[in-house]
Amino acid sequence: MSLDGEERTIRCLVAKVGLDGHDRGAHVISRAFRDAGFEVIYSGLHRSPEEVVQATIQEDVDVLGISILSGAHKTLVPRILEGMAEAGALADTLVLVGGIVPDDDQAALREGGVAEIFGPGASMSEMIDYVRENAPERE
């Protein structure tokens, strides 16, 4: 909520990192978030972790959603989290991962700073509700 009682718009970056060329899910999520009233920026395909960090900072987003299906989540997501921490952006950004992440890999990603992981079959309403309930408050 803002000071005048109006709900502020939640800013989200949906990022496709690495060589993963499958972006249908990222487009579906972006559209659903936009329809829910969020402001959405889509990174486009094949972004480096450094590009994702820079976009997160430059766009001053509340939520970073990383879409990854390539199996490189154990390498690419930690690089993004480390870059955000070094830039001082991790503490006030809700980081989500969507895609194929084996159960055995999820704990390490959460320990690094990922708030939630949404796998295949996660509902749009579940993701939207999670963002509304957990996006950081900003002044």
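## Overall architecture

Among contacts (heavy atoms within 4.5 Å) in the protein between residues at least 6 apart in sequence, 72% join residues at least 24 apart. The model is predicted, so that local features need pLDDT of at least 70 and side-chain atom pairs count only at pLDDT 80 or more, while totals for chains, interfaces and linings use all residues. Residues are numbered from 1 along each chain as its sequence is written, and side-chain values use heavy atoms, with hydrogens and water left out.

The secondary structure comprises five helices and five strands, which are DSSP runs numbered from the N terminus (helices H or I, at least four residues; strands E, at least two), and from the N terminus on these elements follow the order β-α-β-α-β-α-β-α-β-α. The radius of gyration, taken over C-alpha atoms, is 14 Å, which agrees with the value near 14 Å for a compact globule of 139 residues under the rule of 2.2 Å times the number of residues to the power 0.38. Along the principal axes, the C-alpha atoms fill a box of roughly 45 × 35 × 25 Å, and buried residues (under 20% relative accessible area, with a 1.4 Å probe and protein chains only) make up 45% of the 139 residues.

## Helix 1 and helix 5

The axes of helix 1 (residues 24–35) and helix 5 (residues 124–134) come within 10 Å and cross at roughly 60 degrees, the axes being lines fitted to C-alpha atoms over the stretch in contact and the angles running from 0 to 180 degrees between N-to-C directions. That makes helix 1 oblique to helix 5, given that angles under 35 degrees count as roughly parallel, over 145 as roughly antiparallel, 65 to 115 as roughly perpendicular and the rest as oblique.

Val28, Ile29, Ala32 and Phe33 of helix 1 meet Met124, Met127, Ile128 and Val131 of helix 5. By class, this contact has eight nonpolar, no polar and no charged residues, where Ala, Val, Leu, Ile, Met, Phe, Trp, Tyr, Cys and Pro count as nonpolar, Asp, Glu, Lys and Arg as charged, and the others, Gly among them, as polar.

## Ala135, after helix 5

Ala135 lies in the segment after helix 5 and, at 11% relative accessibility, counts as buried. Not counting residues up to four places away in sequence, Ala135 touches Arg8, Ile10, Val63 and Leu94. The C-alpha atoms of Ala135 and Val95, 40 residues apart along the chain, are separated by 9.3 Å.

Conventions
Buried means under 20% relative accessible area, exposed over 50%, partly exposed in between (1.4 Å probe, protein chains only).
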